[in-house]
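Hi everyone, thanks for coming along.

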Amino acid sequence: MRTQVGIVGAGPAGLLLGRMLQNLGIDAVVLESRSRDYVLARIRAGVLEQGTVDTLIAQGIGDRLRRQGMVHENMQIRWAGRRNDFTVEDEKGRRLTTYGQAEIVKDLIERREADNLPLLFSAPAQRIENVETRPRIHFTHEGAERTLDCDFVAGCDGFHGVCRKHIPNADDRTFLKTYPYGWLGILAEAAPHAEIRGFAHSTRGFAVASARSPKIGRLYLQVDRNEDIERWSDEAIWDELDRRFEDGSGHRLNRGRILKKDLAPLRAFVCEAMQHGRIFLAGDAAHIVPPSGAKGLNSAVGDVRVLAEGLRRHFAGTGSDLLDHYAEICLRRIWATVHWSCLLTDTLHIAPNQTGFDLQMQYATLNHWAKTELGRQHFCNAMLGLPYEV
Ligand SMILES: Cc1cc2nc3c(=O)[nH]c(=O)nc-3n(C[C@H](O)[C@H](O)[C@H](O)COP(=O)(O)OP(=O)(O)OC[C@H]3O[C@@H](n4cnc5c(N)ncnc54)[C@H](O)[C@@H]3O)c2cc1C
């Protein structure tokens, strides 16, 4: 097999890149290690920046997003037993939209299949040869060993992928922060409560109440990063969520059948070696943020925009400037996003050895964001996301 761009990974980064390249008339083959069913069932992100929404619509895959996405102009954070409302809309009309990552992935897969473009499931990339000159991806598919020759490789294969390993000395340019806690997440057949949304900072730990649709809720509890989540009964989860969201109003979360329960350990990770020769990393393959800021998928979109435009210029023969500076351009946005996500995480979670002093520092930061003009603007801009350079 031969193509212009070999894309490893059919998560949001790989699939969106495939779509953008298609619209630019550049051939690509997408290889995905997991089965189609597995990829479609994977529940993850859900909060989209305006830039992500606009990008998806501009690429012709925003029909369902426009119809079903839930737009928010404000969000709630509770602390010290009280609810505070924050505006997340700016003068340009930028807002946040809730639309599940699984739905974006479905829209992209169905579109690629309808357009008859190559997307191979259960096709894990094993290794890549000649990353500096003429890359050849070795992968397996339907029990056979196969190869894909390409001009460029886009490593969109997430944190556990193989592409990063093909960048020499990548570990020397990698930064990692591991948090002592994680998020116990549930997906529940419970209509999100209009009066109980957003974040809760409680001395018992952090909690999140978000929506995936008008009938399905996605909620999280801060727990130890090694928590045995099976010891949490459904009732215990709902009771704990209610305790953490307590604000004196008497409102209680709508309860319903828990469809899925998972644990996500929190970490921040940046591999600055995002490119080498003809291989480029995008999305979680190069960086992970703690989910508090809801920035992971949004950051992947930022990378893909730069990469698609860089490849367009290369194949159009109008210069390699963008590809040459791909990592440098992406990293400016990534580090600013990591900074915000970590600040939000530190401010909202209760650390294992947290002191009363630490708690007061958290309240001071939250009060600054809620009650000063400067703080409100900072919070709103950070939640809405940085503008794109490309
Ligand atoms: C609990 C939680 C909540 C989150 N909430 C948000 C949110 O609200 N907003 C937000 O923006 N982000 C959020 N995120 C982060 C977001 O889900 C990720 O940043 C996003 O999935 C990154 O997309 P990606 O395509 O880079 O990587 P992935 O989605 O990880 O996709 C990588 C793909 O590569 C495949 N792959 C791996 N190895 C190989 C191989 N060898 N060969 C072929 N394929 C391979 C994988 O199977 C996978 O399909 C959240 C994450 C978690 C865990």
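Start with Arg44: one of its polar side-chain atoms sits 2.8 Å from an oxygen atom of the ligand. Keep in mind that this is a predicted model. The backbone takes part too: a backbone N or O atom of Asn298 lies 3.1 Å from an oxygen atom of the ligand, and a polar backbone atom of Ser33 is 3.1 Å from a ligand nitrogen.

Now, who is standing around the ligand? There are 32 residues, and Glu32, Arg42, Gln101, Asp284 and Leu297 come nearest. Sorted by class, this shell has 15 nonpolar, 10 polar and 7 charged residues. Which helix gives the most to the shell? That is H7, with 3 residues.

Helix H7, residues 296–316, turns up again elsewhere: along with H3, H9 and H11, it supplies at least two residues to the lining of the second largest pocket. That pocket holds about 300 Å³ of space. Its lining counts 20 residues, and those closest to the centre are Asn381, Leu384, Gly385, Leu386 and Pro387. By class, the lining splits into 7 nonpolar, 8 polar and 5 charged residues.

Last stop, a sheet. Three strands form an open sheet in the order S3-S7-S4, with antiparallel pairing. S3 and S4 are the edge strands, each pairing on one side only. Between S3 and S7 there are 2 bridges, and Val47 has Thr98 in S7 as its bridge partner.

Key
Residues numbered from 1 in each chain as written. Predicted model: local features only at pLDDT ≥ 70, side-chain atom pairs only at ≥ 80, totals over all residues. Heavy atoms only, no water. 1 Å grid on protein atoms, 1.4 Å probe; cavity = no way out; pocket = protein on both sides within 12 Å on 5 of 7 lines; lining within 4 Å. Points joined across faces, edges and corners; volume = space filled by probe spheres on them. Helix = DSSP H or I, 4+ residues; strand = E, 2+ residues; numbered from the N terminus. Nonpolar A, V, L, I, M, F, W, Y, C, P; charged D, E, K, R; others polar. Pairing = 2+ DSSP bridges. Near = heavy atom within 4 Å. Polar contact = N/O pair within 3.5 Å; in protein donor to acceptor, adjacent residues only side chain to side chain.
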